[in-house]
Amino acid sequence: MKTKKALLLLLALMLVAALAVGCGQQDGEPQTPADNSQEEPLKVGFIYVGPIGDAGWTYAHDLGAEYMKNEIGNVELVKAESVNENPTDAERVLNQMVSEGCKVIFATSYGYMDSVIKVAEQNPEVTFLHCSGFKTADNVGTYFGRIYQPRYLSGIIAGKMTETNTIGYVAALPIPEVVRGINAFTLGVRSVNPEATVKVVWTNTWYDPAKEKDAGKSLVEAGADIIAQHQDTPGPQQAAEEAGVYGISYNSDMSQFAPNAVLTGPVWDWGSYYVETVQAVMDGTWKSEQKWYSMADGAVDLAPFASFVPEDVKQLVEEKKALIDSGEWDVFDGPIKAQDGTAKVPEGQSLSDEEKLNLDWFVEGVEGSVE
């Protein structure tokens with residue numbers, strides 16, 4: 001009897017095993033493993049206008065790239081540093097990344113725009129993302145952050161803390177992105193100190209530490225006691241520190257390079273966007289669109305306040321930040337006057353996003369020209 005039961009049990013086990021094999025394989029095709037960790041990693045390219053160690057723009061993007069890789073996991077990063085924005089160099093590097101198997105490519109500077117569009121047209125199977133531009137295609141999207149919002153907030157700090165009422169601004173290139181930042185900063189300054197002016201010096205560079213530092217020095221010599229910047233190096237902040245004045249940095253927290261000068265500065269956090277975008281490509285849900293993130297989204301913010309920023313100034317900034325984050329008010333809501341004093345944005349109106357993205361005029365309070 002026991003032998004018969006044992007035999008029946010053995011036959012049952014054999015039947016279960018046979019069914020398991022049959023379910024795991026159909027029409028002679030091998031079973032697909034549930035674990036996809038052995039799949040080839042997705043190659044993602046990043047084209048940078050400066051060196052990763054610039055402590056500024058490129059550094060902030062690279063932090064985001066590495067964050068994305070760590071979050072997603074099955075990603076291989078392909079990076080190209082200090083790529084000139086001229087079409088010859090930009091197109092060469094873009095095509096090289098395609099040939100290396102990159103399926104997603106992030107071009108992280110405004111000047112790459114036309115090159116991205118051209119190479120993307122030739123490679124429809126690759127997804128391209130262009131930072132700060134405005135041209136799109138079926139396989140090209142754009143992304144940027146409303147850095148003008150923390151720019152405005154940093155202007156409040158500068159307006160409250162200047163003693164000479166002359167604030168210097170070391171500016172990179174006269175493109176809408178930079179003009180928009182200068183205007184937002186000046187609007188912040190003048191909101192708390194209508195007597196203050198913002199003096200602009202152009203370097204026509206993104207990354208030139210010596211030239212940018214010299215520009216900061218020239219502004220100090222012109223009477224500026226706070227130096228702001230739209231540059232990728234801490235050079236202007238170092239000039240401020242050496243001269244014993246204050247500074248407003250940019251891109252990342254630059255206080256380590258000028259600890260006695262940097263009050264705060266607008267900063268970027270690209271990590272979440274890179275995770276969202278690459279994951280969408282992997283999932284097959286990505287579509288071309290123009291992304292413009294705000295402070296409320298977490299893509300842009302202010303670096304920590306220096307210990308020497310007064311408490312009442314911090315409080316003023318926090319109150320304005322809360323208002324912007326609420327959506328009840330934004331930096332380019334009227335009334336706004338142009339540099340020559342003429343009304344540009346009436347009370348109750350605001351610049352559209354398209355107008356902001358194409359700004360080519362300065363607001364009242366800026367000393368300098370858009371050229």
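**Figure 1. Helix α8 and the sheet on which it lies in the predicted model.** In this predicted model, helix α8, formed by residues 235–243, lies across strands β6, β8 (226–230), β9 (246–248) and β10. The helix runs at about 170° to β8. The strands of this open sheet follow the order β10-β9-β8-β6-β7-β16, 6 in number, and their pairing is parallel. At the edges stand β10 (262–264) and β16 (366–367), each of which pairs on one side only.

**Figure 2. The pairing of strands β6 and β7.** Strand β6 covers residues 166–171 and strand β7 covers residues 197–202; 6 bridges join the two in the parallel sense. Within this pair, Val170 of the chain stands opposite Val201 in β7.

**Figure 3. The open sheet with the order β2-β1-β3-β4-β5-β12.** This sheet comprises 6 strands with parallel pairing. Its edge strands are β2 (75–80) and β12 (290–293), and each of them pairs on one side only. From one strand to the next, the twist averages 20°. Helix α2, residues 57–72, packs on the sheet and touches β1, β2, β4 (127–131) and β5 (140–145). The direction of α2 makes about 165° with that of β2. Helix α3, residues 87–99, lies across β1, β2, β3 (104–107) and β4, and its course is at about 170° to β1.

**Figure 4. Strands β1 and β2 in detail.** Strand β1 (residues 42–47) runs parallel to β2, and 6 bridges join the two. Ile47 is placed opposite Ala80 in β2.

**Figure 5. The nonpolar cores and the surroundings of Val44.** In soluble globular proteins, nonpolar side chains tend to be buried together. The largest nonpolar core of this model holds 97 residues, and Val44, Phe106 and Phe128 have the most contacts inside it. Apart from it lies another core of 10 residues, including Val170, Ile227, Val245 and Ala258. Which residues does Val44 touch, not counting those up to four places away in sequence? They are Met68, Val75, Glu76, Leu77, Val78, Cys102, Val104, Phe106 and Val278.

**Figure 6. Two buried cysteines.** Cys102 counts as buried because its relative accessibility is 1%, under the 20% limit. Cys131 is likewise buried, at 0% relative accessibility. A disulfide is a covalent bond between the sulfur atoms of two cysteines. A search of the whole structure finds 0 disulfides.

Figure 7. The buried residues of α9 are Gly271, Tyr273, Tyr274, Thr277, Val278, Ala280 and Val281. Just after the helix, Gly284 adopts a positive phi of about 80°.

Figure 8. Val331 is found in the loop between α10 (311–326) and β14 (336–337). Is this residue, Val331, buried or exposed? Val331 is buried, because its relative accessible area of 2% is under 20%. Leaving aside neighbours within four places in sequence, Val331 is in contact with Tyr148, Gln149, Tyr152, Ala184, Leu187, Ile324 and Ile336. The C-alpha atoms of Val331 and Asn183 are 9.5 Å apart in space, while the two residues are 148 residues apart in sequence.

**Figure 9. Gly348 in an exposed position.** Gly348 is placed in the loop between β15 (343–345) and α11 (353–357). Its relative accessible area is 72%, over the 50% limit, and Gly348 is therefore exposed. Gly348 and Gly334 are 14 residues apart along the chain, with 5.9 Å between their C-alpha atoms.

**Figure 10. The chain as a whole.** The secondary structure comes to 11 helices and 16 strands. Of the 371 residues of the chain, 50% count as buried. Among contacts in the chain with a separation of 6 or more, 66% are accounted for by residues 24 or more positions apart.

Conventions:
Residues numbered from 1 in each chain as written. Predicted model: local features only at pLDDT ≥ 70, side-chain atom pairs only at ≥ 80, totals over all residues. Heavy atoms only, no water. Helix = DSSP H or I, 4+ residues; strand = E, 2+ residues; numbered from the N terminus. Buried < 20%, exposed > 50% of the residue type's maximum accessible area, 1.4 Å probe, protein only. Disulfide = S-S within 2.5 Å. Core = buried A, V, L, I, M, F, W, Y, C linked by side-chain atoms within 4.5 Å. Contact = heavy atoms within 4.5 Å. Pairing = 2+ DSSP bridges. Axes fitted to C-alpha atoms, helices over the stretch in contact; angles between N-to-C directions.
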